[in-house]
Amino acid sequence: MDLERVLVVGGGTMGRGIASVCALAGYPTLLFESDAARRAGLRGAIEGSWERAVEKGKLSSEAAHRAKGLLGVPARLEDAAGAGLVVEAVPEEMGLKLRVFSELDRLCPSAAFLASNTSALSISEIAASTREPARVVGLHFFNPVPVMPLVEVVRGKATSEAVAQRAAAFAESLGKQAIRVADAPGFATSRLGVALGLEAMRMVEEGVASASDIDRAMELGYGHRMGPLKTSDIVGLDVRLSIAETLAAGLDQRRFAPPAILRRLVAQGRVGKKSGRGFYRWEEDTALPVERDSSP
C-alpha cells in the first residue's frame with residue numbers, strides 16, 4: 001500500500017476537480033470511472049484544464065508537467081486497491097454509494113481511509129456498508145474544486161478521531177481550509193446554502209425580482225462572493241434538488257420542499273452550468289454566466 005497515493009472514484013465534475021488538485025499538490029493520483037466512454041476522456045479533460053491555466057498565467061508549466069506525470073486513469077478499480085487515501089465522488093444516490101463503499105472496503109487495506117464527497121447524505125449510513133466504519137469520513141469539496149478553498153470534514157457516528165484528523169490534514173495539504181462538522185442532514189454548508197437557494201428560487205417563481213437582481217442583492221448587500229442562484233447553477237440544479245429532497249425528508253418538509261421552478265428546470269434538462277442553461281446561460285469554461293436566462 002502507498003499511503004500517499006490517492007484514489008478518486010467517479011469521473012464527473014467533482015471527481016475530476018478533486019483528482020486535479022491532488023495531482024497538483026504532489027500526490028500520485030488515480031481517477032477511476034466505471035463508464036468506459038467517459039473514462040477515455042478524463043485525462044484529456046484534466047490536462048486541458050491545466051494547459052488553459054498555464055496560458056492564463058495561473059499555473060506554471062513546470063507544475064502542470066509534474067502533475068501530468070502523477071495522474072493515472074486505471075481501467076479497473078482493482079488496479080487502484082493499494083491507495084492509502086480514497087475519495088468517492090459518484091452521484092448523490094445512497095444505493096450507489098453503499099455499493100461503492102462495500103467494494104472499496106473489500107479492496108482497500110485497513111490502513112487506508114475512505115472518504116465520501118457527499119454534500120448531504122449520511123456518512124454514518126454509508127459507513128455501515130463497510131466492515132470498518134471507523135475509517136469512513138466525509139470530505140465535502142466545493143465546486144469548482146480548484147478554486148473553492150473550503151472542505152467540510154464530516155465525522156460519522158463511528159468515524160475515529162484519528163481518521164478525522166488525517167482527513168483534515170489531507171484537505172489542508174491540498175491548500176484547502178477544513179472545517180469539522182457532525183453527521184447531520186446537509187452538514188453545515190448544504191443546509192444553509194440550500195435554504196438560501198430555495199428561497200431565492202421561490203422569489204423568482206413569485207416574480208419578486210429577477211434571478212440576476214436577487215443575486216446582486218446578496219452580493220452587494222450582504223457581501224456574498226456569488227449570489228444563491230449563480231451558485232445553484234454551478235453546483236447543479238439536479239444536485240440541489242436531490243439535496244433539498246434529502247433535507248425535506250430528514251429535517252423539515254416545509255422549509256426544504258423543492259419549489260416547482262426547480263423541479264421544472266431539472267425535468268427540462270436545464271440543470272445549470274454543466275448543461276449550459278439553468279437560471280443563467282453559460283459557456284464552457286467560463287467562471288461567470290454569459291447572460292441572464294430570461295425564461296426560467
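Q: Which residue forms a salt bridge with Asp238, and how close do the N and O atoms come?

A: A salt bridge is a side-chain nitrogen of Lys or Arg within 4 Å of a carboxyl oxygen of Asp or Glu. Here, Asp238 pairs with Lys274, and their closest N and O atoms are 3.0 Å apart. This pair links distant parts of the chain, 36 residues apart: Asp238 sits in helix α11 (residues 237–250), while Lys274 is in the loop between α13 (260–267) and β9 (280–281). Helices (H or I, at least four residues) and strands (E, at least two) are DSSP runs, numbered from the N terminus. One thing to keep in mind: this is a predicted model, where local features need pLDDT of at least 70 and side-chain atom pairs count only at pLDDT 80 or more, while totals for chains, interfaces and linings use all residues. Residues are numbered from 1 along each chain as its sequence is written, and side-chain values use heavy atoms, with hydrogens and water left out.

Q: Is Asp238 buried, partly exposed or exposed?

A: Go by relative accessible area: buried is under 20%, exposed is over 50%, and partly exposed is in between (1.4 Å probe, protein chains only). Asp238 has 28% relative accessibility, so it counts as partly exposed.

Q: How many salt bridges does a search of the whole structure find?

A: Side chains of opposite charge can pair when their charged atoms come close. In this model, the search turns up 18 salt bridges. Among them is the one between Arg106 and Glu103, at 2.5 Å from N to O. There's also a network of salt bridges that links Asp105, Arg131, Glu132 and Arg135.

Q: How far apart along the helix are Arg106 and Glu103?

A: An α-helix has 3.6 residues a turn, so residues three or four places apart point the same way. Arg106 and Glu103 are both in helix α5 (residues 94–107), and they're 3 residues apart, about one turn of the helix. Glu103 is partly exposed, at 26% relative accessible area.

Q: What about Arg202: which residue does it pair with?

A: Arg202 forms a salt bridge with Glu199, with 3.1 Å between the closest N and O atoms. Both are in helix α8 (residues 189–205), 3 residues apart, about one turn of the helix. Arg202 is buried, with a relative accessible area of 16%, while Glu199 is partly exposed at 40%.

Q: How does the reach of α8 compare with what is expected at 1.5 Å a residue?

A: The expected span of a helix is 1.5 Å times one less than its number of residues. With 17 residues, α8 reaches 24 Å from its first C-alpha to its last, close to the expected 24 Å. Its buried residues include Val194, Leu198, Met201 and Val204. After α8 comes Gly207, with a positive phi near 75 degrees.

Q: Which residue other than glycine has a positive phi near 55 degrees?

A: That's Phe187, in the loop between β8 (177–182) and α8. Phe187 is buried, with 5% relative accessibility. Ser119 touches Phe187, and its other contacts include His140, Ser190 and Ile243.

Q: At what angle do the axes of α9 and α10 cross?

A: Axes are lines fitted to C-alpha atoms, for helices over the stretch in contact, and angles run from 0 to 180 degrees between N-to-C directions. Angles under 35 degrees count as roughly parallel, over 145 as roughly antiparallel, 65 to 115 as roughly perpendicular and the rest as oblique. The axes of α9 (residues 211–221) and α10 (residues 228–235) come within 7 Å and cross at roughly 110 degrees, so the two helices are roughly perpendicular to each other. Ala211, Ile214, Asp215, Met218 and Glu219 of α9 make the contact with Pro228, Leu229 and Lys230 of α10.

Q: Which peptide bond is cis, and where is its proline?

A: The cis bond joins Asn143 and Pro144, with omega at about 0 degrees. Pro144 is in the loop between β6 (136–140) and β7 (150–155).

Technical notes. Contact means heavy atoms within 4.5 Å.
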